[in-house]
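Reader: I would like a close look at one part of this model. Please take me through the pocket and the aromatic residues, and keep it brisk.

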Amino acid sequence: IKVSPIPDDYVHCIAVNTTGKTPFLLLPGYGASACMYFKIMEILSLYYDLYFLDLRGMGGSGRPEFTPKTGPETEEYMVEGIEAWRKDAKINKFVLSGHSFGGYVAGKYASTHPEAILALMLISPAGLWSLKEGFQESIKKWRDSMGCLRKFGFDKVFSYWKKGRSPLQLFRKMGRISILVLRHYVTWFHFLLDEERADLNFYLFHSLMKKGTGELALPYLLDVGAFG
């Protein structure tokens with residue numbers, strides 16, 4: 001779905017069983033893809049016309065140049081991707097849900113276009129809490145409990161974030177190590193079959209290795225640790 005005349009500026013959407021039921025749009029988290037909802041697609045499609053949208057510049061969406069320079073510009077950039085989908089699908093009102101960073105974007109869309117929202121569901125959304133002293137101390141204790149390798153990775157990710165860069169840029173620089181990191185990550189999805197984990201690992205690797213654009217929104221919107 002084309003968002004603007006800018007080259008490669010489109011959003012990728014998966015539509016499931018759209019037969020005239022209530023439209024329901026789900027957004028994935030930071031750097032993730034709509035395909036990560038695949039285990040719930042079939043059951044939800046019995047009750048809703050389902051749409052799973054990759055955020056602008058992430059997942060299966062295009063990789064246009066990231067031009068925002070401020071928080072408000074970045075929010076508008078993300079909201080425009082959802083609004084382009086709504087207009088293309090010719091949907092007036094829909095149920096909107098998002099996970100983590102997708103929850104943050106869903107909330108911003110709902111506040112910008114309340115007339116289009118039937119219901120809003122935020123799944124563990126980022127940015128709802130500020131980074132207070134108590135949280136900083138908890139993060140420090142968590143870091144101190146790590147082994148040397150994990151601590152090194154933790155420090156690198158946070159340093160990229162603090163410098164206004166994307167942690168996923170570090171992932172791309174890791175070469176073959178990034179394959180091992182991602183392979184470990186998908187083991188957290190213990191409810192998946194082995195072949196499903198393999199497919200998810202393959203898809204995410206090739207998605208995350210694409211040029212980083214939309215992911216650069218992170219430091220403009222959230223403090224280190226996904227705090228508002």
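**The pocket and its rings**

Author: Tyr185 is partly exposed, because its relative accessible area is 28%, between the limits of 20% and 50%. Keep in mind that the model is predicted. Trp188 counts as exposed, because its relative accessibility is 56% and the cut-off is over 50%. Tyr185 and Trp188 form an aromatic pair.

Now the pocket. Tyr185 and Trp188 are among the residues nearest the centre of the largest pocket. Val157, Leu168 and Val181 also belong to that group. The lining counts 48 residues in total. The space inside is about 2100 Å³. Which elements give two or more residues to the lining? They are α1 (38-44), α5 (148-162), α6 (167-173), α7 (177-186) and α8 (194-208). Helix α5 gives the largest share, with 9 residues.

The structure holds 12 aromatic pairs. One of them joins Phe94 and Tyr109. The ring centres are 5.8 Å apart and the planes stand at 45°, so this pair is tilted. Phe94 lies in strand β4 (residues 94-99), and Tyr109 lies in helix α3 (residues 101-112). The two are 15 residues apart, and their pair links distant parts of the chain. Both Phe94 and Tyr109 are buried. Ring pairs also bring in Tyr51 and Trp85, which form a cluster with Phe94 and Tyr109.

The charged end of Arg56 sits over the ring of Tyr77. The distance to the ring centre is 4.1 Å.

Last, a serine. Where is Ser61 placed? Ser61 is in the loop between β3 (48-53) and α2 (71-89). Is Ser61 buried or exposed? Ser61 is buried, because its relative accessible area is 1% and the cut-off is under 20%. Its side chain reaches two backbone oxygens. The oxygen of Asp54 is at 3.0 Å. The oxygen of Leu55 is at 3.3 Å.

Conventions:
Residues are numbered from 1 along each chain as its sequence is written. This is a predicted model: local features need pLDDT of at least 70, side-chain atom pairs count only at pLDDT 80 or more; totals for chains, interfaces and linings use all residues. Side-chain values use heavy atoms; hydrogens and water are left out. On a 1 Å grid over the protein atoms alone, a cavity is a set of points where a 1.4 Å probe fits but cannot get out, and a pocket is an open set with protein on both sides within 12 Å along at least five of seven lines; lining residues have an atom within 4 Å of a point. Grid points are joined across faces, edges and corners, and a volume is the space filled by probe spheres set on the points. Helices (H or I, at least four residues) and strands (E, at least two) are DSSP runs, numbered from the N terminus. Rings of Phe, Tyr and Trp (its six-membered ring) pair if their centres lie within 6.5 Å; planes under 30 degrees apart count as stacked, over 60 as edge-to-face and the rest as tilted. Buried means under 20% relative accessible area, exposed over 50%, partly exposed in between (1.4 Å probe, protein chains only). A charge sits over a ring if NZ of Lys or CZ of Arg is within 6 Å of the ring centre and within 35 degrees of the ring normal. A polar contact is a pair of N or O atoms within 3.5 Å; within protein, one must be able to donate a hydrogen and the other to accept it, and residues adjacent in sequence count only if both atoms are side-chain atoms.
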